[in-house]
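Dear colleague,

Please find below the structure that I am handing over to you, followed by an account of what was found in it.

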Amino acid sequence: MIMESTLYDIAIIGGGINGCGIARDAAGRGLSVFLCEQNDLASGTSSASTKLIHGGLRYLEYYQFRLVREALREREILLRTAPHIVWPLRFILPHHRGLRPAWLIRLGLFLYDHIGGRKILQGTSRIDLRHDERGKPLKKQFNIGFAYSDCRVMDSRLVVLNCMDGAAKGAEIRTRTKLLTATRTGQIWHLRLLDKVHDTEFQIRAKVLINASGPWLNELLTHISHSATKEQVRMVKGSHIIVDALFTHDHGYIFQNEDSRIIFAIPFENRFTLIGTTDLDFDGDPGRVSISAEETDYLCDAASEYFIKKITKDDVLASFSGIRPLFDDGRSEAKAATRDYVLKLDRGTGEAPLLSLYGGKITTYRKLAESVLEKISAFFPEMGPKWTEQHQLPGGGFSPDNFMGEVQKFREHMPFLPPESATRLFRTYGSRVYQMTSSIKSVEQMAKPFGHDLHPFEVDYLIDNEWARCAEDILWRRTKLGLFFSPDQEKDLENYIRQKQGAT
Ligand code: FAD
């Protein structure tokens, strides 16, 4: 229980990937940590990404070698430390005669293969799309292409797993809790917070305040007294569409557009293709962001340039949008603004510090957290050393090479589960499935699913262990089962969750 005005070493505002990554790292180094998130974990940008752990081939064109190198290195670290929710994804880059020349692409891919210390992932190869399964869904004019490696991630689950590990190491995680004001008196921050579930206010104190509110950063600064931070977040909107699967193999595509942007088409939740993204400056409320008709047309047209099937707005089954909270480096075009992270420390003489985070990628969140802790290390001389590179996230205690072997072991443990459900559960929770299913010994004990293959045991686990509080948390952030649920099924799930919460 939080005592009024408990004093923490650091208070973090924002439960996206960056806030949760810092909370985990800091708690593991022995600091006392408080994190608040105004809605659900990952309810901001961190659940609206393209879901790639990638170096960012395109950033090489902007000479962002530091960012690409760091991101490429992080790919293999995350693959090792979270092998359930991060997995290799091969991309096909069809060569487009009118756009970048083949030699330039080869050079980019050569650098991509060599600057990031690649060990696990396969290198680049050239493919003849005329005689390859991966060429079949594409128009005939695309006869050569390149295959290269990146990784897929369950973005919102990466956020939750960081929080779980942080909490296990002592961090206080408060979801549905909004920072109202922060006032600095000398060496202490005084925070006034709103617990939105109980509609009550409470206060805490902290030695260091970290503004990890992503696209809300500028707005939040207006609630923080004596802030001298002058830099601005550049809000850049990006949207995705989901359509029925356009191909059956497990590779993704990266397409070059005539506006020199790129879009991805990647296999999604076994039955769909995810297409994205756009890059548009945005100046509205980051909490109310959705795809526009123009963005839908742009994505349909861009993908239709490559796929034989013409994709139209009628094919769109679902969409989602997010705001990139980028550092405003003065570039004129949104697509050119740096994706690198920038940390700004705001501290008068003898005053408690405020650290604000700009930009960053899901891919580099772990390095961002290390940089934040390095930046504030002078205030905590007793703080422990870096540790997250070698430590697995919850559920990740196995080798990335052996995912299917682990699924097989789980299937033998629960032979009555349909194979697709066993795979989905292991992909989502890794070795934590054993804890989740510990009381289930037969089909009868699983009880009727709410929809698709979501059974009460999974819902109970998510409520008890992963801060889930409503159907949307479970259907769109802890899982993506919302794609398979009808409104009535969602209502039944919501009623069950309400009853369970009433009972506790
Ligand atoms: P957020 O996830 O937005 O978290 C900030 C949180 O702060 C929010 O949850 C918000 O509710 C909370 N908050 C705000 N104000 C308050 C308050 N007063 N009190 C309490 N809480 C508050 N990166 C990759 O590595 N790979 C990709 O494939 C990729 N694709 C992308 C595609 C798109 C379209 C976009 C938009 C981004 C993509 N990114 C990708 C970038 C990545 O998603 C973001 O950099 C990252 O999610 C930002 O995380 P964050 O924690 O800074 O912000």
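Lys-51 is found in the loop between β2 (33-36) and β3 (52-53), where helices (H or I, at least four residues) and strands (E, at least two) are DSSP runs numbered from the N terminus. Although Lys-51 is not a glycine, its phi is positive, about 70 degrees. With a relative accessible area of 2%, Lys-51 is buried; buried means under 20% relative accessible area, exposed over 50%, and partly exposed in between (1.4 Å probe, protein chains only).

Please note the basis of these values. The model is predicted: local features need pLDDT of at least 70, side-chain atom pairs count only at pLDDT 80 or more, and totals for chains, interfaces and linings use all residues. Residues are numbered from 1 along each chain as its sequence is written, and side-chain values use heavy atoms, with hydrogens and water left out.

Arg-176 sits in the loop between β7 (172-174) and β8 (177-185) and is buried at a relative accessible area of 15%. A cis peptide bond, with omega about 15 degrees, joins Gly-276 and Thr-277. Thr-277 belongs to the loop between β14 (272-276) and β15 (280-281). As background, most residues other than glycine have a negative phi, and most peptide bonds are trans.

The overall picture is as follows. The protein has 14 helices and 18 strands. Its radius of gyration, 23 Å, is close to the 23 Å that the globule rule gives for 504 residues, so the protein is as compact as a globular protein of that length; the radius is taken over C-alpha atoms, and the rule is 2.2 Å times the number of residues to the power 0.38. Of the 504 residues, 60% count as buried. Among contacts with a separation of 6 or more, 72% come from residues 24 or more positions apart, contact meaning heavy atoms within 4.5 Å.

Ala-27, in helix α1 (residues 17-28), is buried with a relative accessible area of 6%. Ala-27 and Ala-171 are 144 residues apart in sequence, yet their C-alpha atoms are 5.7 Å apart. Leu-78, in helix α2 (residues 65-81), has a relative accessible area of 0% and is buried. Beyond its neighbours within four places in sequence, the contacts of Leu-78 include Ile-53, Thr-363 and Tyr-365.

Finally, I draw your attention to a group of polar residues. Glu-295 lies in helix α6 (residues 293-304) and counts as buried at 2% relative accessibility. The side chain of Glu-295 makes polar contacts with the side chains of Ser-239, at 2.8 Å, and of Thr-278, at 2.6 Å. A polar contact is a pair of N or O atoms within 3.5 Å; within protein, one must be able to donate a hydrogen and the other to accept it, and residues adjacent in sequence count only if both atoms are side-chain atoms. Glu-295 also touches Lys-237 and Ser-290, among others. Lys-237, in strand β11 (residues 233-244), is buried with a relative accessible area of 9%. A polar atom of the side chain of Lys-237 lies 2.7 Å from the backbone oxygen of Ser-290.

With kind regards
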